[in-house]
Amino acid sequence: MATGQLFYDPVARPLSSTGTSLPNGYYNFYVSGTTNAATVYQDAALSLPFPAASLNGSSALYSVIQADGTGAMPPIFLNPETIYRVQLYSSTWSLIEDVDPYVPSMPTTGNGQVQIDTQGEMTINAPTPGGTGVTLTVNARSSGTALELVGAAFGSPTIMANMTVVAGSQTATFTATNKPGSGTTAPSKWLPITADGATYYIPLWQ
């Protein structure tokens with residue numbers, strides 16, 4: 001299972017609409033767009049769910065987490081594969097806030113170059129002037145791999161390139177006498193890539 005996303009709780013406690021803390025207040029978690037309880041967890045490994053509890057005395061069970069007497073909440077971890085609806089209640093069950101969908105904040109600081117939508121799709125915008133001009137650099141750890149791409153199915157592209165490829169008018173030939181791997185062979189596999197809406201194939205040799 002994926003690593004949990006720590007639920008962002010401003011200044012470590014629920015706040016009312018006026019900015020005051022809510023001693024013994026509650027958070028309630030639903031699946032986005034529903035009133036179905038969504039599981040939240042006590043650990044980042046998502047192995048210890050919070051026990052289901054009654055919501056304002058109802059017979060049904062919900063994912064209700066209560067603050068302590070100062071308004072402080074325990075750490076709450078969300079499953080990044082779930083889109084949540086989050087409600088905040090006072091200690092007397094007055095609804096303070098109902099956020100649907102709840103979009104977790106990024107656990108980083110910066111100037112908003114990274115954007116994540118409610119479906120979990122990530123966009124990295126062009127860097128601002130002053131750096132090297134490289135939008136993304138991925139460094140591998142020692143004896144590790146820098147990047148892994150996992151396709152939805154064999155033959156489906158995992159790479160998309162738009163507004164960057166060009167068409168040529170020359171016929172290219174290829175000769176290699178220093179190829180790594182086994183001896184002279186034809187390509188053993190092909191890597192599909194989508195470019196400007198069409199699928200192309202990069203030859204792979206062993």
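Which residue in S4 does Tyr26 stand opposite? In this predicted model, Tyr26 stands opposite Gln66 in strand S4, a pairing that belongs to the contact between strand S2, residues 26-31, and S4, residues 61-66, which run antiparallel and are joined by four bridges. Strand S4 also pairs with strand S3, which consists of residues 53-54; these two strands run antiparallel and are joined by two bridges, with Ser54 standing opposite Leu61 in S4.

Strand S2 is additionally joined to strand S6 by six bridges, again in an antiparallel arrangement, and Tyr26, which faces Gln66 in S4, also stands opposite Tyr89 in S6. Strand S6, covering residues 84-89, is mostly covered, six of its six residues being buried. In a regular strand the side chains alternate between the two faces of the sheet. Within S6, Tyr84, Val86 and Leu88 point one way, whereas Arg85, Gln87 and Tyr89 point the other way, and all of these residues are buried, that is, under 20% relative accessible area.

Leu88, one of the buried residues of S6, stands opposite Glu97 in S7. The hairpin formed by S6 and S7 has five residues between the strands, and in this hairpin Trp93 takes a positive phi near 65°.

Technical notes: Residues numbered from 1 in each chain as written. Predicted model: local features only at pLDDT ≥ 70, side-chain atom pairs only at ≥ 80, totals over all residues. Heavy atoms only, no water. Buried < 20%, exposed > 50% of the residue type's maximum accessible area, 1.4 Å probe, protein only. Pairing = 2+ DSSP bridges.
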